[in-house]
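Subject: Structure handover

Hello,

Here is the structure I promised to pass on. Please open it alongside this note, then read on for what turned up.

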Amino acid sequence: MSDERLQKILAQWGIASRRLAEQMIVAGRVRVNGNIVRLGEKANPDRDLIQVDGVPVKPTDRPAKVYLLLNKPAGVVSTCSDPRSRSKVLDLLPPQLRSGQGIHPVGRLDADSTGALLLTNDGKLTFCLTHPRHSIAKTYQVWVIGYPPERILQTWRQGIILSGRKTLPAKVKVIDRAQDQTLLEVILSEGRNRQIRRTAELLGYPVVRLHRTAIGPIQLQRPGAPILPPGCCRPLEDAEIIYLWNLVNLTSISVPVNSQEHSI
């Protein structure tokens, strides 16, 4: 194995996402051959002694890749740790997956929002999927106050200015209207911070509830199957993993058979 950047090694070993690994390096938690390293330094796990918080990182400890879809309930935060001791998505996983596997959420859903959330210990995939150049369509069911007319929906579809930058075109259609609320289906190809809630508020129709039903073709309810219950997760199918890898333009992939890796 050749020398690689330490944040990449830590991500590949499932210790942390690449972004979190960078933070760990900056915080002085990573050493190579006894020396605290700086961001950007490289190492070789086959030759160098890499330690995180004093614990050696060994090539033989590299965990099997895990790819999961979670139906996140309301009130759960999409982080691996929380200073306010709120319930976290990792708390919903089976005990054998909660720690020591490097599993982390791919992106985030607001604590009040529910629905589809990817989790993995594949730091390289996480880095690619959360990079702005890789767009993956996400489908939401959005309940808003009032009855937005067609002109408002068309404005939403065309994009509005948020924080000085126009949002990308979106697909927005009415599913139902009842009890002074409208149920919309919204499909976005970008994931800016609280984008749907901020857009709806700016247009005058605040969000009551937001639920993500799909990430690309990865759905909470697969054709012919029951919907994934809130708070539960399932392994991604091989075809779903292939879709994600193809999305980030990686030419060589090895798809694990999830049923042989973990029982969920």
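Start with helix α2, which gives the most to the lining of the largest pocket: five residues. Helices (H or I, at least four residues) and strands (E, at least two) are DSSP runs, numbered from the N terminus.

Before going further, some ground rules. This is a predicted model, in which local features need pLDDT of at least 70, side-chain atom pairs count only at pLDDT 80 or more, and totals for chains, interfaces and linings use all residues. Residues are numbered from 1 along each chain as its sequence is written, and side-chain values use heavy atoms, with hydrogens and water left out.

**Confidence**

The average pLDDT (the predictor's confidence in each residue, from 0 to 100) is 88 for the chain. A score of at least 70 is reached by 93% of the residues. Residues 250-264 fall below 50. That stretch still has 32 contacts in the model beyond near neighbours in sequence; contact means heavy atoms within 4.5 Å. Where pLDDT is low, the predicted coordinates should not be read in detail.

**The largest pocket**

The largest pocket holds about 1600 Å³ of space. Its lining has 49 residues, and R19, V106, G107, R108 and T130 lie nearest its centre. Besides α2 (18-26), at least two lining residues each come from β8 (104-105), α4 (123-129), β10 (138-145), α6 (195-203) and β15 (207-215). By class, the lining has 18 nonpolar, 17 polar and 14 charged residues.

How were these terms set? The search used a 1 Å grid over the protein atoms alone. A pocket is an open set of points where a 1.4 Å probe fits, with protein on both sides within 12 Å along at least five of seven lines. Lining residues have an atom within 4 Å of a point. Grid points are joined across faces, edges and corners, and a volume is the space filled by probe spheres set on the points. Ala, Val, Leu, Ile, Met, Phe, Trp, Tyr, Cys and Pro count as nonpolar, Asp, Glu, Lys and Arg as charged, and the others, Gly among them, as polar.

**The second largest pocket**

This one has a volume of about 310 Å³. It is lined by 17 residues, with I15, A16, L20, C80 and G102 nearest its centre. Helices α2 and α3 (95-98) each supply at least two of the lining residues. The classes here are eight nonpolar, seven polar and two charged.

**Inside helix α4**

T126 is found in helix α4. Is T126 buried or exposed? T126 counts as buried because its relative accessibility is 6%. The classes are buried under 20% relative accessible area, exposed over 50%, and partly exposed in between (1.4 Å probe, protein chains only). Leaving aside neighbours within four places in sequence, T126 is in contact with S17, H104, P105, V106 and T120.

C233 is in no disulfide, and the nearest cysteine sulfur, that of C232, is 7.4 Å away. C233 is buried, at 12% relative accessibility. C128 is buried too, with a relative accessible area of 10%.

**Positive phi**

Most residues other than glycine have a negative phi, and most peptide bonds are trans. D53 is not a glycine, yet has a positive phi of about 55°. D53 sits in the loop between β5 (50-52) and β6 (55-57) and is partly exposed at 47%. S85 also has a positive phi, near 60°. S85 lies in the loop between β7 (67-72) and α3 and counts as exposed, at 68%.

P217 is in the loop between β15 and β16 (218-219). P217 is partly exposed, at 43% relative accessibility. Its C-alpha is 13 Å from that of Y140, 77 residues apart along the chain.

P223 is in the loop between β16 and β17 (233-235). P223 is exposed, at 75%. P223 and E237 are 14 residues apart in sequence, and their C-alpha atoms are 13 Å apart.

L247 lies in helix α7 (residues 238-247) and is partly exposed, at 21%. L247 and W143 are 104 residues apart in sequence and 30 Å apart in space, C-alpha to C-alpha.

Best wishes

How values were computed:
A disulfide is a pair of cysteine sulfur atoms within 2.5 Å.
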